[in-house]
Amino acid sequence: MKTTADVIVIGAGIVGCSTAYYLAKKGMSVIVLEGSNYIGNGGSSRNGGGVRQSGRNPKELPLMIWGVKNIWPSLSEELGVDTEYKQKGNLRLGKTDRHLEILTKLTDNAVKCGLDVKMINASEVKEINPYLSDEVIGASWCATDGHANPLTTTLGFYKKARELGVQFYTDCSVTMLHTVSGKIRQVITPEAVFESDNVVVAAGFESKTLLDGVGINIPMSKVKLECLVTEAEPQMFEQMLGTADADFYGHQTKHGSFVFGGHTGYERYAIDYANPCSSSSFASCASRGIMKYFPILKDAKIVRAWAGFMDECADQVATVSKIDEIPGLYVECSFTGHGFGIGPAAGYNTAELIATGKTPADIQPLRYDRFKTAI
Amino acid sequence: MKRYNLIVVGAGPAGLCAGIEAAKRGMSVILFDENEKPGGQLFKQIHKFFGSKEHKAKIRGFKIGEQLLQEASAAGVEVKLNATVTGLYPDKEIMVMHDGKMHDGKMHHYKGDSIIIATGAAENMVPFENWTLPGVIGAGAAQTLMNLHGVKPGNRILMLGSGNVGLVVSFQLLQAGCEVAALVDAAPRIGGYGVHAAKVARTGVPFYLSHTIIKAEGTDHVTGVVIGKVDDHFKTIPGTEKHFDVDTICIAVGLSPMSQLLKMSGCSMEDNPRRGGEVPVVDEYGETSVPLLFAAGDVSGIEEASSAMIKGRMAGIRAAYELGFCKENETENSLEKCAADLGSLRQGMFAPGNKGKLIEKTEEGIPVSMNLLTNGFVAEDEIVHFPGVTSQKGIHPVIECTQNIPCNPCQDACVKHCIKIGSHITSLPVVENPAPCTGCGLCVASCSGQAIFLVNENYEPGFASVTIPYEFLPLPGKGDKGKGLGRDGKPVCDAEIVDIKSIPAFDHTNLVTMKVPAEFAMKARFFKAV
Amino acid sequence: MNDRLRDIGPFVPGGDDDLIICRCEEVTKGEIRQAVHEGMFTMPEIRRYLRCGMGLCQGQTCARLVKGIVAAELHIASSEVEPASSRGPVRPTEMSTLGNEEEA
Amino acid sequence: MQNRITEHPILGMPQKGRVVSFTLDGKVMEGYEGEPIAAALKAAGIMIHRYTAKQHKPRGIFCAIGRCTDCVMIVDGKPNIRTCVTPLKEGMEVRTQYGCSAKKDDTL
């Protein structure tokens, strides 16, 4: 059994898999340890598939914009799987003046960061998506946003990393990290002790326990998110969709089915079951929400609903950083539900950081030590 | 949200029995089924059941369904049909779609203090070339079409699978007026009860064991099928291909528990080949790792409907006990009785523990008919060894029951006590010699396996009479002439119908008596008009 | 612990690789076998990678068959393959119906 | 109604609703009210319910109890209707399904 490598990555979601892939591509040896039995079983396979810049916190924008420019367009070719990436824009819809206010604020912030996003009126919205209901009075529009298939993308990174010799172990839960002489060194699992000079923690919410154990505290909590999927329908539209109120988001997949996420308002109070399970109220609630925007979908049959947990950060921003106090320790977590779109860029930049000490995108705003008290 | 002491999902034998026991003990019980009719698969089971009186033996499945439904409504179970349970959520909550035709067309939420999942099983399938062609159907689909909807699944049919489902459905296809071209199984031996095989074989359906389907033929729908012999590793042997012109191929290769709701609930599951696939981990009463969530019937392990009824009862009683609806003493007695009934069903050659084993001798030490296991009928030199087969003066029953199965209605059917099984339910029936038989025929109609015949070797000088159970249309008429068919379904002699008896006590099993040359008294077992 | 780089031997094309296994999504036996060799060792991964079992019937017909094929490729018993989970609604349900709940 | 069982040795005469007419791809057909659409089609000898999206292959009844979803068709304009569990009504418009729509080109 292989227990040492140039880098050990903890977590085999899209972030862990992409980090491992880009490291291996640079010729480094990598071990990936995954606690569950499955690759990409957390948020990576439980999200709406958005590859989106608009509506993001300005701190995340530089990395996300970099990813949309440099990673996503060629990713299918690079991984040899169909990531189903479609860069056909993102509509963030509003039905009330209050909605438009929220959207305008987000848009102004994004424009300041150099993103090409604008507010459009009801008739412009209808031109882009004629199926929307008349209740929609405006939207923000970002033409360079899009969506992709989280399942094939995550597994594509895994497949490609594995081809390059990355050693994946699933059902291998890391219980703690050990430092030796002030540097990161040991990764402890019930069955073996793994050793490396570089350790990347990319374990979603579970990163918290591991990091707490070495005195690094990232303020995040575990929050349930739910989605539903319809049967395949004839192709209707290609944009990614969201709403000012975040009452639903999603897109139509290449397969024809619609994937929509939404909120009941009670996600925060869900009982934390070992397996994320749908709540009984979600699918009904989301259906009502969706039909308000798309009355035409009333006959679409829901074939399944699912739930996942996100690692929600206090400031709702990802943490992608090296840990100064513990040389060799890197962290990619607290993606707050944005991990799919931004994950590959995070993985690429972390790999660069480990290999060269530099990153092509500005990840300074995503540092682990950014958290200050309110007063 | 509405709340009940017990929610039962599935109105098949297990679900109905569970609901009955719980309601009898004072629980508020609601039972959901997505179908228009209750009874689950019972309503497609038009054959008589095996077992003893306690197991409702010799009653046809669909009648048992009707009985259970009456019991359930008498006990106060609220049965909601056309109501699909779409999900089982934490805290024993379910979501139900109430069909718009019978109900309000809305989604309803219910919570149960306890829940019993009795969703039954789904058919397994096996892929072969062109298996997606229209005309390749599940055996259950055939049953549904002909027994529920009165539509023939096809005109000429090939059956894949020799388990009880394959055998019983083949017989039902014949009853519906379809032709069964062949019965095929990759296994080297017939999987179901020998008596079920024998009643199909004697009508002339050929059995091809150690054979599998190579491909279905046709472009838009099935027009034929090619089968081939398989070797010990289930690989087809080139050069053994056989073609049949058929319009339908039926697949009967076993059942899998329909455990989706249980998987959703988060209870511990296991993949247990002996129980038929992915099943919940349950205790002896069917309770899962989630307290007060039970699984009963096929969803917790594939067995017969008779076992499902008992497993349902046990879950219902146990739920009532745990929620304080019945006393420990009464609970123990009831559960012990159930366990005993279940135990008696799980005996004999087909007991769960004997799955896959080749049994060479009966409990009585008689060599098991190998011909029965490979061709579907007992050979003439084998049949004489069995205690139900005697040669006597005058009319007497001949019982061609050659495997130890838990079944004894024939013993009670004979008021003259010609037939003895004794207290051990799997023992082979013994015919007294001499038998004080009056020729009433009640034993013939009572045999769920249609394995009892009345033979009078001295019917007329040079002629014997053979009375056979007959459940086909058209019924032959007195004086009709035809051929007597052997156990293998091949014509052996001329035969003339001399008597037909159809009385209500026979429950649709007609007794047809044919006159055959005396030397064919122990050979002719079916009649075919010419 | 499941070693995802362990040697399961080379992918050997089979004569029946064209057989449809997942009838809804029209996924073939060959595609499933190939996916195992690309590292998809569990049912959820196979599903997510190929969509088998994610169509209208939600794997009710093919799950058992797919499991058997994966097991054979991994040289383990079918019961040892990590199963996929089930998700509601367990029957396809129209949005207008799902959204129409009785008064709570 | 070539495939109807007129009399059954155990079940007797089938109990059926009233005869209603419906259309299959515009052609007028008959069946019994309340029986599954699939049963009415089967009785009339119709085997093909749809053509698949990828390989454009014909499909028909497979499980007949609403599990496998192979027998889906377009019913009154709605695609993916499980005909084996959907009761027949007077005047229903049933269409062969191509992929997930009523148009042939959608499977090409």
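**Note on the predicted model: a chain contact, chain B and parts of chain A**

1. In this predicted model, the contact between chain A and chain B is made by seven residues from chain A and eight residues from chain B. On the side of chain B that touches chain A, the elements that each give two or more residues are strand 4 (83–89), strand 5 (93–98) and strand 6 (107–117) of chain B. By residue type, that side of chain B divides into four nonpolar residues, three polar residues and one charged residue.

2. Chain B as a whole has a secondary structure of 12 helices and 28 strands. Its radius of gyration is 24 Å, close to the 24 Å that the globule rule gives for 530 residues, so chain B is as compact as a globular protein of that length. The C-alpha trace of chain B spans about 75 × 60 × 45 Å along its principal axes.

3. How much of chain B is buried? Of the 530 residues in chain B, 60% are buried. When contacts in chain B with a separation of 6 or more are considered, 63% of them are accounted for by residues 24 or more positions apart.

4. The largest nonpolar core has 345 residues, and those with the most contacts inside this core are Ile10(A), Ile116(B), Ile249(B), Cys250(B), Ile32(C) and Val66(C). The element that gives the most to this core is helix 7 (residues 305–322) of chain B, with nine residues. Leaving aside residues up to four places away in sequence, Ile249(B) touches Gly135(B), Val136(B), Leu158(B), Leu160(B), Ile213(B), Ala216(B), Val222(B) and Val225(B).

5. Turning to chain A, helix 6 (residues 150–163) has 14 residues and reaches 20 Å from its first C-alpha to its last, which is close to the 20 Å expected at 1.5 Å a residue. This helix of chain A is mostly covered, since 13 of its 14 residues are buried. Just after helix 6 of chain A comes Gly165(A), which takes a positive phi of about 95°.

6. Which residues of strand 14 (residues 240–243) of chain A point one way, and which the other? Met240(A) and Gly242(A) point one way from the strand, whereas Leu241(A) and Thr243(A) point the other way, and all are buried. Strand 14 of chain A runs parallel to strand 4 (residues 90–94) of chain A, and four bridges join the two. Within chain A, the residue that stands opposite Gly242(A) of strand 14 is Arg92(A).

Key: Residues are numbered from 1 along each chain as its sequence is written. Chains are lettered from A and ligands numbered from 1 in the order in which they are written. This is a predicted model: local features need pLDDT of at least 70, side-chain atom pairs count only at pLDDT 80 or more; totals for chains, interfaces and linings use all residues. Two residues are in contact if their C-beta atoms, placed from the backbone, lie within 7 Å. Ala, Val, Leu, Ile, Met, Phe, Trp, Tyr, Cys and Pro count as nonpolar, Asp, Glu, Lys and Arg as charged, and the others, Gly among them, as polar. The expected span of a helix is 1.5 Å times one less than its number of residues. A residue is buried if 20 or more other C-beta atoms lie within 10 Å of its own, exposed if 12 or fewer, and partly exposed in between; C-beta atoms are placed from the backbone. Two strands pair if DSSP finds at least two bridges between them. The radius of gyration is taken over C-alpha atoms; the globule rule is 2.2 Å times the number of residues to the power 0.38. A nonpolar core is a set of buried Ala, Val, Leu, Ile, Met, Phe, Trp, Tyr and Cys residues joined through C-beta atoms within 7 Å.
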